Amino acid sequence: MCGIFAQIVHIGFQHREELTQRLREANATRGPDARKSCCISCSQLNLEFFSSELRLRGNDPVVQPHKSDSGSLLCWNGEIFAGLDVRADENDGIKLFEQLHSLETGDQVRDFFASIEGPYATAQKLFFSRDPLGRRSLLIHRPSATNPYFLLASVSAGPDPGYSFEELDTGHIHCLDIATLNEANDAEPTKVNTNLPPSDLPLPLGDNLDIVPAWLEEPLENLITQLNHSVMLKVRDIPQDVLLKGQSRVAVLFSGGIDSTILTLLADRHIPRDEPIDLLNVAFENPRKIKVQRKGNINPNKKKSKVKVSESDTDTALSNSAVAEFMVPDRVTGLSEVEELRKLCPGRVWNFVEINVPYHESQAARQHVEGLMNPVRTVMDLSLALALYFASRGIGQIRSKPEDDPTPYTSTARVLINGLGSDELLGGYGRHRTAFNTGGWAAVVEELQLEIDRIPTRNLGRDDRVISSHGKETRHPFLSLDVVSFLARLPVEYKMDPRLPAGVGDKMLLRLTARRLGLVEASGRKKRAMQFGSHSARMEGDEKGDKLLES
């Protein structure tokens, strides 16, 4: 993984060097192992290409941008897991550059990127793009009357009048032709199967997951195969020469939910047995939650009460808080689930990392995290970004045994496994049940297609910018294009059944998979969003998630 930044400015234009330097530094945090700029003058334009490097592939140090004798350049922020032959001791960026240098037309560039699997954002010659699901961030500022220059960056330097960044769309490979921008169609994820089940479809299960109907056996086994292969590609060949014995190369963003637990169990198959795996579990001290717990629900006749926490209330609540305040829902399920993993995989050292975030620390980091999120700026974006920021930082405590006192611990893992994507692909959100209740199976299919279409703009760029600020890379096994294609092609009734109870019918196929793998506890857990499970949301009030943050 890397940070990349490019700018094109007319010769003679008085550009703010201070802004350029801030953008360099912001993108340098993504790649702590090396950094370099390459400057070119061409057709009355000054071009700068900057890259930083987080070395996760190959044996030898690599410095970007890659440059050929003919003058071609490549800034590469990504990983190639399939579609190009890359040995364990080779760097995928170098192999990619060699292949790209042999291509002659834009169509060939497009077709080549459509053939590889892995997350990426790249600028090659004057081509630039993101992978079809947008798993790596790339922002673009187009020339305007007040800021007449062109910028590309993995991450911004926070809000600034010197640019108007937006997420680069994933539907094209873009080609900059000096004064004009041309686009060529890129690959796109497989469309959702639109075939609908018969109106008299019998219920596939009872109220539990103990018996698998015969017609679900094949897709269940195929899902295990697909996910296992995807996880294997994400955790193998990570350099370990900079680590000491007993240190982790891989960590999981771990809530104890079904998604993260399945991926953790599969990762155990492909990581050496004597190497620990870090399970990063984050919990926030939330004054609003503390006040409700202490005073009870103000109006017990309502499902929830809107509690506005004043500054004095915050001080009082936090002064009375103790370690118990970090026993948030995700901590409770995480502690339970790590015990299930220890029973199934007794030879593994599982470092359950308790990442406890005091209120004052989350508030002190807020401005920095908002800058990393930019250009997205909603209340929900912030609550999720805060959870990811502290979880991926990996600073917390571990216990050798549940009853032992904790010892300070900082995760050394540079690759983080993330379970994002399962709800979108397998029907795990409450809105999928709502769609069925209002419009039947056809409405569910339509909603599942919208989920895939929205993934690049809703989550992945923001998450990549936040997590990579610690010099770490997140990988998404559920969002391997092969897994996406397999699940998209399955008929909807193979994946979910909203007629069944919550905890059974939502993500039904994945729940059956968890049960088949021996994860009995995880298989029945209901969906809980990260910001609510960690208590990073609604710390002061009951603001709606889509509300814009104040500038």
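Student: Leaving aside neighbours within four places in sequence, which residues is arginine 135 in contact with?
Tutor: This is a predicted model, in which local features need pLDDT of at least 70, side-chain atom pairs count only at pLDDT 80 or more, and totals for chains, interfaces and linings use all residues. Residues are numbered from 1 along each chain as its sequence is written, and side-chain values use heavy atoms, with hydrogens and water left out. Contact here means heavy atoms within 4.5 Å. Beyond its neighbours within four places in sequence, arginine 135 is in contact with Glu117, Gly118, Pro119, Leu460, Asp464, His476, Leu479, Ser480 and Leu481.

Student: Is arginine 135 buried or exposed?
Tutor: Arginine 135 is found in the loop between strand S7 (127-130) and strand S8 (139-141), where strands are DSSP runs (E, at least two residues), helices are runs of H or I with at least four, and both are numbered from the N terminus. Relative accessible area, computed with a 1.4 Å probe on protein chains only, is called buried under 20%, exposed over 50% and partly exposed in between. Because its relative accessible area is 2%, arginine 135 is buried.

Student: At what distance does the side chain of arginine 135 reach the backbone oxygen of leucine 479?
Tutor: A polar contact is a pair of N or O atoms within 3.5 Å; within protein, one must be able to donate a hydrogen and the other to accept it, and residues adjacent in sequence count only if both atoms are side-chain atoms. The side chain of arginine 135 reaches the backbone oxygen of glycine 118 at 3.4 Å. For the backbone oxygen of leucine 479, the distance is 2.7 Å.

Student: Which residue's backbone oxygen lies 2.7 Å from a polar atom of the side chain of serine 523?
Tutor: Serine 523 lies in helix H16 (residues 520-523), and counts as buried because its relative accessibility is 0%. The backbone oxygen at 2.7 Å from a polar atom of its side chain belongs to valine 520.

Student: Why is the pair of phenylalanine 436 and tryptophan 441 given its class, and what is that class?
Tutor: Rings of Phe, Tyr and Trp (its six-membered ring) pair if their centres lie within 6.5 Å, and planes under 30 degrees apart count as stacked, over 60 as edge-to-face and the rest as tilted. Phenylalanine 436 is buried, with a relative accessible area of 18%, and tryptophan 441 is buried, with 12%. Their ring centres are 5.2 Å apart and their planes stand at 70 degrees, so the pair is edge-to-face.
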